[in-house]
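Trainee: I would like to learn how to read a model of this kind. Can we go through it feature by feature?

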Amino acid sequence: MSTPLLEATGIRRTFGHVQALKGADFRVMPGEIVALIGDNGAGKSTLVKILSGADKPDEGTLRVEGREVSFTSPLDAQECGIATVYQDLALAPDLTPADNLFLGRELTRSGFLGKLGFLDRRTMQRQAVEQFSKLGVQLKSQRVAIASLSGGQQQSVAIARAAMWASKLVILDEPTAALGVVQTQRVLDLCRRVRDAGTSVVLISHNMPQVLEVADRVHVLRLGQTVADLRAADATVADLVREMTSGQAKELAA
Amino acid sequence: MSTPLLEATGIRRTFGHVQALKGADFRVMPGEIVALIGDNGAGKSTLVKILSGADKPDEGTLRVEGREVSFTSPLDAQECGIATVYQDLALAPDLTPADNLFLGRELTRSGFLGKLGFLDRRTMQRQAVEQFSKLGVQLKSQRVAIASLSGGQQQSVAIARAAMWASKLVILDEPTAALGVVQTQRVLDLCRRVRDAGTSVVLISHNMPQVLEVADRVHVLRLGQTVADLRAADATVADLVREMTSGQAKELAA
Amino acid sequence: QEANSVALVLGSSGSPFYQAMQCGAQARAKELGLTLTVSAADQFAADAQIPVVNAVTASAPKVAAIVPTDMQALIPPMRELAGRGTQVITVDQTISDPSILKTQVLTDNKAGGGMAADALAALIGKKGKVLVITQPPGSLAQDAREAGFAETLKAKYPDIEYLGPQYQSNDPQRAAEIITSTLSAHPDLAGVFSTNDQGAIGAITGLRQAGAVGKVKMVAYDAASAEVAALKNGELQGLIAQSPSQQGAVAMDIAAKLIAGEAVEPVTMAEIVAIGADQPELADKYEYVAGCM
Amino acid sequence: MSNDLAIAPVESTEDRLLRLVAGGWIFLLLLALVAIFLVLKPAQFGSGYNVQQLFINAAILLVLAVGQTYVVITSGIDLSVGSVLVFASVVSAKLMLFLSGAGGTTYGTTAAGWDIIAIGTVAALLVGAAWGAFNGILIAVTKIPPLIVTLGTMGMALGGAQILSGGVDVRAMPELLVTQVGSGRILGIPALVVIATVTVIIAGIVLHMTRFGMHVFAVGSNAEASRRSGIPTMARLIQVYAISGLMAGIAAVMSNARFSTTTINGHAMDNLATISAVVLGGTSLFGGVGSVFGTVVGVFIPIILLNGFVILGIPPFWQTVAMGAVLILAVWIDQLKRRLRKRG
Amino acid sequence: MSNDLAIAPVESTEDRLLRLVAGGWIFLLLLALVAIFLVLKPAQFGSGYNVQQLFINAAILLVLAVGQTYVVITSGIDLSVGSVLVFASVVSAKLMLFLSGAGGTTYGTTAAGWDIIAIGTVAALLVGAAWGAFNGILIAVTKIPPLIVTLGTMGMALGGAQILSGGVDVRAMPELLVTQVGSGRILGIPALVVIATVTVIIAGIVLHMTRFGMHVFAVGSNAEASRRSGIPTMARLIQVYAISGLMAGIAAVMSNARFSTTTINGHAMDNLATISAVVLGGTSLFGGVGSVFGTVVGVFIPIILLNGFVILGIPPFWQTVAMGAVLILAVWIDQLKRRLRKRG
Ligand SMILES: Nc1ncnc2c1ncn2[C@@H]1O[C@H](COP(=O)(O)OP(=O)(O)OP(=O)(O)O)[C@@H](O)[C@H]1O
Ligand SMILES: Nc1ncnc2c1ncn2[C@@H]1O[C@H](COP(=O)(O)OP(=O)(O)OP(=O)(O)O)[C@@H](O)[C@H]1O
Ligand SMILES: [Mg+2]
Ligand SMILES: [Mg+2]
């Protein structure tokens with residue numbers, strides 16, 4: 001077995017009285033799509049933030065390609081080739097879609113002006129239009145603030161952003177939650193395309209058929225702990241639901 | 001045919017250069033579940049806000065039980081028995097789940113203190129706990145601010161709120177987008193239960209199988225216009241997708 | 001601009017002293033047939049006053065009487081004013097380069113501070129602890145009053161222990177806090193000198209609050225209504241008063257002379273009087289009233 | 001999980017207390033300050049006299065700051081409180097002087113009875129509330145940022161007071177007002193302190209225990225959500241600013257009684273003083289979070305500091321520096337402790 | 001739909017201009033004010049002298065307000081600008097006085113050369129930037145609300161200036177500074193105006209055209225999103241407050257040159273004046289939106305108002321009232337027009 005691209009072991013994270021993660025483990029191999037599933041409040045988003053350097057675990061270790069790392073900021077994760085779509089999107093609502101796409105990685109002009117940090121808005125704008133149309137994102141205007149876009153449009157921008165910058169791993173926290181049918185299909189296609197190009201994908205979703213359709217492996221969290229790690233080909237929706245809720249299955253039936 | 005519970009005709013709404021709705025029609029009959037579907041940016045949420053009194057149309061008429069109405073505030077819609085879960089949830093992030101549940105409809109104590117507007121926190125808290133457990137909402141603490149709950153938990157609170165207060169019509173704008181499998185099932189059950197009790201439901205969702213599973217009728221918006229109104233029993237997922245995207249089907253295939 | 005136009009720029013708007021000066025000037029200007037325009041910035045500070053002086057310069061009056069809020073910062077704008085054909089005089093305060101002025105109506109604030117020291121010393125038997133309540137430093141007149149007070153104490157009253165100044169920015173609330181707190185630290189406080197009216201109002205309140213009225217002797221600058229009433233009620237024992245309305249009137253007399261081309265004295269000293277508790281009629285005479293408003 | 005709910009279905013009294021004491025750590029800081037001054041200068045700082053003076057000195061600011069608390073919780077700001085106080089005090093004093101006949105037994109006072117004082121008081125409250133409502137209407141209806149609106153009315157109210165008074169403090173106050181309210185006592189407690197305490201308690205109860213108070217928090221937390229929930233957000237905003245104005249009106253009467261004159265030039269710093277007290281007390285400038293109790297603590301901190309500094313004989317310039325430093329330090333400690341508590 | 005993208009793939013110059021002129025309607029209001037005063041008093045208001053004075057009077061405030069614009073766009077606020085100006089001017093003046101030998105040819109000046117002036121200038125800039133960075137560090141690292149931090153440093157810097165100067169203004173400035181910078185001209189334009197213009201233009205270009213400027217907007221729009229995008233938000237905040245401090249340092253040198261004395265008791269209102277200029281100019285107090293051009297317009301409105309009022313001979317009290325009213329009115333008109341345009 002090859003070294004995992006990203007591996008997290010024994011991750012704990014507590015907020016006040018709430019233990020969001022109590023020793024969760026997680027692993028992504030190179031070139032695979034891993035689905036991360038679990039009930040609401042299971043700790044998926046918290047884990048994602050830790051994997052992306054946006055939050056720090058109270059305990060536990062992270063390894064990238066076998067090397068132990070400690071992400072002190074999202075920049076560290078970015079430098080390891082990890083890009084993330086957060087569940088709460090993390091966009092700057094007053095900026096345009098193009099500005100958001102390049103946030104933190106703005107293009108500067110060539111030459112002296114570039115050294116001074118002058119933006120190359122023209123190129124950014126052009127690349128943004130390309131990227132959006134590649135993903136089928138439809139924006140009636142490129143120049144409005146993100147805040148005035150529909151929920152699905154905002155989500156599309158966030159996904160376009162992550163797809164553009166990930167070199168090794170894209171993490172998508174419920175990326176299709178607000179998307180239309182066409183856009184959802186495009187995102188799933190994107191996952192496959194990205195995987196086929198050698199970049200791994202972590203996908204969080206509550207849509208089990210979708211999970212089984214696209215994922216290679218399914219990782220289940222329950223109450224902040226890892227409870228299962230299944231090959232998607234071998235699993236059924238019923239299996240997944242049982243793992244996520246086990247112990248609550250009866251309650252569900254009631 | 002009986003009078004529609006709520007009927008909207010020729011609704012237009014423009015934001016700057018963007019025409020979100022260009023003469024959309026919509027109708028809910030008493031005791032039915034209507035799904036409202038459409039691509040991202042089709043204008044669904046804008047329509048929902050207009051139906052709930054949270055936004056005013058530039059043109060068009062609204063009728064409740066045959067009477068023409070003009071909602072100048074969400075209160076007007078509430079008084080007609082309409083309660084809504086907005087796509088952006090509309091919760092007060094600093095308040096507790098219970099406070100949010102009763103927002104705008106706080107319970108006051110009996111007697112003189114009640115006249116003075118003193119809150120009956122004890123009863124509100126008790127009823128909140130009941131309502132949450134009815135919906136299977138699991139909150140690790142009742143006393144934290146909503147802002148610290150997970151996306152799904154927040155959505156559950158918003159749904160519990162709408163379910164609690166609707167007497168004639170519940171409008172749910174992508175209510176299950178962030179919900180886990182169990183919770184999603186509960187919301188769909190809730191829709192049916194509510195319908196069976198005589199309250200109509202408008203459900204917005206991008207999940208076509210879900211739509212067909214629960215809805216009696218499906219209403220399709222495209223680019224701000226009503227393009228189809230189908231009986232769910234007669235429709236297939238492919239039909240719905242075609243209606244939503246027609247003209248783009250080829251592009252999708254490409 | 002009319003041949004008899006006169007501008008008066010006050011130190012700040014909304015202080016009883018300058019209101020009284022404005023009324024005095026307006027009454028005399030009417031008698032003399034002068035067209036008087038009064039303006040002021042909302043604070044007693046050079047950066048606030050200079051734009052006002054600039055605007056007055058733009059309206060080109062024949063004579064401008066100015067209360068400069070800084071002896072140095074106001075020189076360039078006033079030189080500009082003089083250079084554009086307006087005859088410039090200063091009232092109450094002055095600038096360190098009098099060459100551009102036709103005349104100055106001056107108050108010797110330092111001497112006033114000294115008079116306060118003498119008055120207070122007499123009241124407390126030339127011994128004991130005394131405190132000064134004044135504005136934070138940077139305000140010329142107030143600084144001079146405190147300095148005059150301190151120097152006189154040092155020179156003439158070795159048995160008086162000077163506790164130093166405490167500051168309030170035109171805030172009677174703060175002045176009251178300072179008095180009550182000082183009384184906690186020094187229950188044997190003998191006297192207080194306040195360099196302006198807002199400080200005095202607060203200080204009297206503090207003394208009243210502490211039940212120390214009469215026990216702690218108090219002298220205050222200015223003769224605002226509240227101070228005059230307090231003097232008559234025995235809540236403070238001495239006032240150092242000027243006559244702002246008279247200063248305003250004198251300024252108008254000088255302006256009329258300048259317009260008529262008559263000669264004027266280079267310096268007119270405005271009077272300062274010390275008013276004791278036994279001179280209520282004198283207090284009435286000097287009370288800062290703005291009857292014209 | 002659902003038994004988690006069962007364990008604590010209803011907020012315990014202890015919890016509610018804890019929530020009320022939102023500025024809990026600031027309170028400890030206040031106690032620490034008191035302890036330090038007590039150790040250094042027990043006789044002077046701890047004397048009954050000194051403690052009483054501290055309360056009297058805090059009274060007027062407390063009333064203003066409580067109104068400001070309401071405003072800040074709605075994520076607003078009221079810069080006009082000091083000017084509205086001045087305006088209301090001028091109107092009230094002028095009216096009482098106009099209605100009064102004979103002079104009082106002391107100079108600068110009138111013999112006006114309680115009837116006239118009542119009229120003057122009502123006038124101050126009405127005028128204050130009217131300015132506040134004017135702020136509120138502009139903010140709620142026209143959506144102009146509160147900072148701009150209240151900066152504007154700050155100038156308008158002060159200018160208005162100067163026009164009404166001619167820039168000269170009103171000559172005479174009712175003697176009864178000065179002696180009975182300004183320096184008087186009720187059951188041995190200074191009347192000003194009684195007024196402030198009652199006002200603060202009522203304001204605290206309304207904010208934390210009534211539906212109106214809940215709406216104030218909701219509007220500050222998410223105005224759009226509140227509107228969609230059927231809360232009349234505009235009315236609430238107008239009411240909140242009217243309350244702040246009303247408080248300024250009450251403070252105006254207290255100020256007239258205390259200083260026995262209007263103090264036209266004396267309230268320029270009231271806005272920053274109250275805002276910093278509110279924030280010191282743990283109320284968020286972003287709205288939605290706050291408590292009256294915290295504000296009370298926030299008012300006392302600078303007053304106790306000044307008192308302690310004067311008693312210790314710290315030079316005035318250093319007082320300014322130290323006051324600024326303590327302000328930052330206080331909020332910092334609060335932040336640290338909160339973060340610790342959150343991490344648990 | 002996707003051809004929609006094709007139609008306007010790149011922002012046109014016209015659009016960018018429109019976005020830059022965010023405070024567009026306020027600009028029209030400014031023009032209207034100018035027109036009214038010109039009609040009423042053409043000779044006085046429109047004179048070359050007066051126009052020049054307007055610019056000179058605006059110069060110092062412009063520099064301060066531009067720094068404030070950066071701060072407000074990050075959804076912060078800097079109350080300390082005036083005090084930092086005073087502190088920097090005292091440090092600079094003291095240092096130059098210390099280094100100077102003989103007195104100048106006119107009263108109260110020194111014969112210090114350009115070398116000493118350069119040292120004094122650098123000192124002012126460094127000291128200003130240091131105070132700003134201190135603000136920024138406290139705000140970024142300890143997460144204390146900017147209002148509290150800068151309220152604290154406002155007191156600390158002013159107290160510090162008073163301690164350094166002993167409360168006495170430093171009145172001996174280098175003669176060259178006063179004559180060449182304070183009253184001097186470059187190509188016929190007052191030097192102070194040149195300095196302000198250059199500063200404003202550079203600040204505008206940096207804000208609207210560079211990556212740093214983009215980060216400033218991003219941090220103000222959503223700090224957490226910016227952090228997650230890899231923007232060093234803490235560093236940016238520190239830099240922004242340092243820029244505001246630096247601007248106060250530049251303004252300090254200009255102030256020393258102009259007034260030929262430090263002005264310890266002045267500048268108390270600079271913070272509110274700059275904040276209201278920034279907001280008048282269309283910058284949102286909630287951050288993420290704003291422009292330097294708008295701020296420039298916002299600075300001129302009160303200056304032109306005061307000038308016009310004095311020339312018209314409007315009594316001071318009424319000026320205070322009118323200024324407050326115009327402030328509200330200006331923002332209101334802006335809001336109305338924006339809403340119209342949005343509905344458009
Ligand atoms: N900043 C925070 N402060 C306090 N509690 C938090 C915070 N973030 C998360 N939690 C708590 O941690 C738990 C896990 O949250 P998390 O968002 O990771 O769940 P999730 O699995 O992503 O759920 P969902 O499917 O609803 O998105 C929840 O109970 C939540 O309330
Ligand atoms: N406040 C607003 N200002 C400007 N444009 C808006 C505003 N609200 C909505 N729009 C625009 O109107 C169109 C319809 O938006 P709406 O939110 O109704 O779509 P939707 O059908 O709900 O999409 P989704 O499925 O993504 O939620 C979009 O193009 C959106 O950008
Ligand atoms: Mg999540
Ligand atoms: Mg929507």
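Trainee: Which elements each supply at least two residues of the shell around ligand 1?

Mentor: Helices (H or I, at least four residues) and strands (E, at least two) are DSSP runs, numbered from the N terminus. Here chain A gives strand E2 (18-28) and helix H1 (44-51), and chain B gives helix H6 (151-165); each supplies at least two shell residues of ligand 1. Before we go on, some ground rules. This is a predicted model, where local features need pLDDT of at least 70, side-chain atom pairs count only at pLDDT 80 or more, and totals for chains, interfaces and linings use all residues. Residues are numbered from 1 along each chain as its sequence is written, chains are lettered from A and ligands numbered from 1 in the order written, and side-chain values use heavy atoms, with hydrogens and water left out.

Trainee: Which residues come nearest to ligand 1?

Mentor: A residue is near a molecule if one of its heavy atoms lies within 4 Å of it. Ligand 1 has 20 residues around it, and the nearest are A:Gly41, A:Lys44, A:Ser45, A:Thr46 and B:Ser150. The site is shared between chains, because residues from chains A and B surround ligand 1.

Trainee: Which polar backbone atom lies 2.9 Å from an oxygen atom of ligand 1?

Mentor: Look for a polar contact: a pair of N or O atoms within 3.5 Å; within protein, one must be able to donate a hydrogen and the other to accept it, and residues adjacent in sequence count only if both atoms are side-chain atoms. The backbone atom belongs to A:Gly43. A:His206 has a polar side-chain atom 2.9 Å from a ligand 1 oxygen. From chain B, a side-chain N or O atom of B:Gln153 is 3.2 Å from an oxygen of ligand 1. As for cover, accessible areas come from the Shrake-Rupley method with a 1.4 Å probe; for residues, only the protein chains shown count as cover. Ligand 1 alone exposes 640 Å², of which the protein buries 89%.

Trainee: How do the residues of the shell around ligand 1 divide into nonpolar, polar and charged?

Mentor: Ala, Val, Leu, Ile, Met, Phe, Trp, Tyr, Cys and Pro count as nonpolar; Asp, Glu, Lys and Arg as charged; the others, Gly among them, as polar. The ligand 1 shell has 5 nonpolar, 12 polar and 3 charged residues.

Trainee: Where does ligand 2 lie?

Mentor: Between chains A and B. Its shell has 20 residues, the closest being A:Ser150, B:Gly41, B:Lys44, B:Ser45 and B:Thr46. A polar side-chain atom of B:Lys44 is 2.7 Å from a ligand 2 oxygen. B:Gln87 places a side-chain N or O atom 2.9 Å from an oxygen of ligand 2. The protein buries 88% of the 640 Å² that ligand 2 exposes when taken alone.

Trainee: What rotation superposes chain B on chain A?

Mentor: Copies are superposed by least squares on the C-alpha atoms of residues with pLDDT of at least 70 in both. The rotation is 180°, with 0.1 Å of shift along its axis and RMSD 0.0 Å. That is the relation of a two-fold axis. In chain B, B:Ala177 comes closest to the axis, its C-alpha at 2.4 Å.

Trainee: What is the mean pLDDT of chain D?

Mentor: pLDDT is the predictor's confidence in each residue, from 0 to 100. Chain D has a mean of 86, and 90% of its residues reach 70 or more.
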